[in-house]
Amino acid sequence: MDPCQIGGGHPGIPVQITVVRGKNLKGTKGVHFFSFIKTEFNNTIVGDSAKVESSADLCVEYNFSCTFESTETNNTPDDMAHKPAILSVLEVLPKEKKQKDEKTVVLGQAILDLLPLLQGQFCFTATVAIQPAPGSPLDTTSLDPSSRPFLEISVAASEALVSEAQLVDSNLLKVAVETLYSVPEAWSLTGPQFHYVVSMLVPSSAKKEQLVVFAGGLLKPGGECEPVPRLKKWPTTSGSHHISGCFIGEMDAEEEHGELNTPKDKEFRREAEVTKKRVYWDIERRCFMESSAVGRMRSSIVECRYWVVEIMRIPIITMAETGKVSKDKGHPATQAEEEASIAWHGMAFVDMAPLLYPGVKRIRGAHRIFPFNEEDLYEKTKRPKSILKENYKQTILIARGSDSVPGTPGAKAGKGAKEEKKVAGNKAVVPETGAETTTSAPSKQEGQAYVGACTYIMIDITLDKPLVPKRPPEDLSKRVKEMIPPRPSLPRHTASAEKAVNDYQKEITRVADQVIKEYLELLGMSPFQGEMLLDQAAKEEQKMRLLEQLNYSGKYFTFKEQLKPSIVRIVREKLLQTSAFADQAQLQAFLSQLYIFLVDQMHISLNKILSVSVPETEAYSFIQCTQLKHFAKEAEVNEDFELASKYYQERIALDRNNPSHWFDYGAFCLLISNNSKAEECFQHALSIDQRHVESLLLCGIMAEMRGSFEDADTYFQNATCVESNNVIAWTILGLFYESQENVILAEMAYLEANKHLRTKLIKESIAEGEAPASRPVTGSQGIKTLQAEKVPKSQGSVRSVDTSVLDGERPDSVASLTEEYDKESQKRPSKPVTTVFMETVQFLLEVNVLHFAQRALAQELVSPDGGPSSSYYVALARFQLQMRDFAKAENSLKEALHASYENPDVWALTGHLHYLNNKFRKARKSYERTLDFVRDACEMHTVCLRLGSIYLLEKEYEKAKYTYLMACKKSPSCLCWLGVGVACYRLGELEEAEDALSEANIMNNRNPEVWGYLTLICLQTSRKVEADQSYKFAVKLNLQNEELLAEIHELQERMGFANPGFQ
């Protein structure tokens, strides 16, 4: 049979469908039968094949081709996206007696997806399963997969339907309407049956939108969950055919982008999706979008983030009713009558903004159904009218078309459409009851039933390509490397410095052996004669004779030349001196250092030769890196920034390749407002480790401070890529976007941060054996919140009635669950609730980034999960204390006390506030209250230090000693042991005082007060030499405590020891 050419008026692109063969086919009377293929596309019969006889191996060779044309108006790319080609396999029955025409029977249908032609392919082949028709000989469920019938098909186009340029700029939108859950109780499974219709508008070009209708939704009872995974259905075949390879899967509620996805809604949804009635569609509508439509979609989401989805129900027309309507030539319904006929008119608002998140291609979630109201519709979507009302006739035509299955042998092109126009034009068939045509009051009551039942619909929207591409992590890392090149790795030398020292020691050993031999030969002695008992004068005489002999023979010069190469290697490899000296003073300093080192190494080498056994001991570092950081933080609190800087620099000197050391020093530089030095430290940390998240964040903040917003965005995004579950990184990224007025990206970052924070809290709770820490929702509050949340304001007068009805109709199982949760929450000790902003504020205050901390505090105040709480006021007070705004800090601490009187952090900060204002009596009371709590405050070390100093001022030395010892037990430092030493000295416990001061001296031997009190102890114990030495160190280190100096001078005079400064 010749191909059938069907197309539009304009020249188009021919698309040829070739059915090569069918396999595993059977007829009504066995394996020998005649059959042919009927091909349909877009409600048009494309062509019929010739009758072909089957073979003995159940294979039928059709070799049939038919062609249709794709134009701009007919068989468009969008048609091929959402409409399959239907290939019906029909058996030709043998003619019986007195039978004029041959009879045919439908054996089954194969559904061919033409989507590959829109993905850049010119041709493709497919093996398509045949879905047997009811009663067909192919309808055998016992067949194994290898025996199921199928067709081998090839599809070819003369040229690409979508050019390469169009393919880059175009997109494919997939909208899947799955199931409507928790439907109103008035929807009954008995009596008249109805179709449930969902509609929405999607962009089709730069200025136009197209109507998308999902018809054929059917009501089914509850009792079990919907199976997952399950295949999606085509929108044009009444749900009788599935889309091959497209499944509806399972997704956790917290990962969804819709409503009802919080933990408190899980129980309600679990109950509704198992026990309650639901309406199911499982239909997916594909929309091919050219570049103009993609741009329109992007801009429309920016203008209004909510898209409306409307729902209604219509009665199913029986065959008798269809015949009656077809005879009725009544007048078409007016617009008012059509609007009045929309029964159970509801609407849901789909938040499309997540599709503007970088890299996001899919949003799936539950969306609550609200009664239709034009005010709420305009407020949410800026649309003045209903989609269903504006497109009522078209929606009815599409919905009625789902009542009959297209592709049947007796169907003719265009016949169904004509019948549907008659049905839509007859007003008597459309309404469900007579009352609906006369008044809209029942429709409003019906709409309210959605709120009472808390009805929600599952919708899945997917794009082939994201509207906003996400920068790949590789590009971000590359950009960071361009801004901050990685520090080059040091050249690998096999222990070159150590080898130089070992060579020098070996040369010393060799030279010493030769000198000993010369000495023994000079005296004419054997090395085995034993010890030489000589007096000091004889030894000096022998030494002089040896030196004369070595100089006279020239061996002294030879020994020096032997040592010279090893000394040169030490200078280059160990002391790293390879360039010339700038002046004579620098040269002399280096020579002194070199001489000391060479002499020390010579002694080590000689001791190994002349001693019986010398155990090798490694130098022990009493101060570790963590202790140095602790000392630096302590100095920061005491505002001794010079000492703090010294500790940070010492920490870097211990390990220069540790990025944390550079990061901490940079944070300290921010504290003293040295921003340029701080940025240099953060960049140095990144040059060591380009995946150091904290340094990435601080580099981004510094870039934002100097106005380099693109660089800041790069740093922040790279931080989220390096550590994708970092709550602080996502929150800081959101704060940055908020400052740039990019609301959608800020929302995306906050959602990611909240998701990772919930995961973190759940893991911590599981580890502790507790329930997840979250804001408690007890009793029926969770269900009520589910009802009241996001209900349009125009329905507020009815909301309370519906809520109470829902509470009365709630199943006992849900009530028991909420009561059980109440009891458990009362038994469980309350834990402080944290939010992403509070987590970020703590970090930002720790690293002294106050302007970002202020932004995070502002967001915490307006956040739905935040608000003014005790933790908020504590963080605000910390921020104000760092800003030196004591009056506001005092007010914040008062609010914190009102919120939580038993929070130790509040009392600790109150004590700090009074201490900084020199109100020591009030500070003492606050610090003592802090120590009385079971739970420690965050800054216990500072509390103990300052409380101990107050006790010393008030001469309560026992309490001071106890408080300082408490600090030493938790985190010892020089100041802690100094406080213990001072208290013990005042109590007359000189031995304990000296021990404590010795510990303080080990921690920091440059503290003048330690040396001053050691001077007092040595004077008290009559140790003049040690007293003089301690006093000299105290004066050298510039002791500023005038009272302590006066006390030392007085004791020196009283003990009869002169001031060593005047000796």
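Here is a short walk through the model, from its confidence to a helix pair and a salt bridge. This is a predicted model, in which local features need pLDDT of at least 70 and side-chain atom pairs count only at pLDDT 80 or more, while totals for chains, interfaces and linings use all residues. Residues are numbered from 1 along each chain as its sequence is written, and side-chain values use heavy atoms, leaving out hydrogens and water.

Let's begin with confidence. The chain has a mean pLDDT (the predictor's confidence in each residue, from 0 to 100) of 81, and 82% of its residues reach 70 or more. Residues 325-337 have pLDDT below 50, and beyond near neighbours in sequence this stretch makes 15 contacts in the model; contact means heavy atoms within 4.5 Å.

Now turn to two helices (DSSP runs of H or I, at least four residues). Helix α37 (residues 990-1003) packs against helix α38 (residues 1008-1020) at an angle of about 150 degrees, with the axes 10 Å apart. The two are therefore roughly antiparallel to each other, a label for angles over 145 degrees on a scale from 0 to 180 between N-to-C directions. Where they meet, α37 contributes residues including Leu990, Ala993 and Leu997, and α38 contributes residues including Trp1011, Leu1014 and Ile1017. The residues of this contact divide into nine nonpolar, two polar and one charged.

Finally, the whole structure holds 51 salt bridges, each a side-chain nitrogen of Lys or Arg within 4 Å of a carboxyl oxygen of Asp or Glu. One of them joins Glu61 to Arg21, with the closest N and O atoms 2.9 Å apart. This pair links distant parts of the chain, 40 residues apart: Glu61 lies in strand β6 (residues 59-70) and Arg21 in strand β2 (residues 13-23); strands are DSSP runs of E, at least two residues.

Definitions and conventions
Parallel < 35°, antiparallel > 145°, perpendicular 65-115°, else oblique. Nonpolar A, V, L, I, M, F, W, Y, C, P; charged D, E, K, R; others polar.
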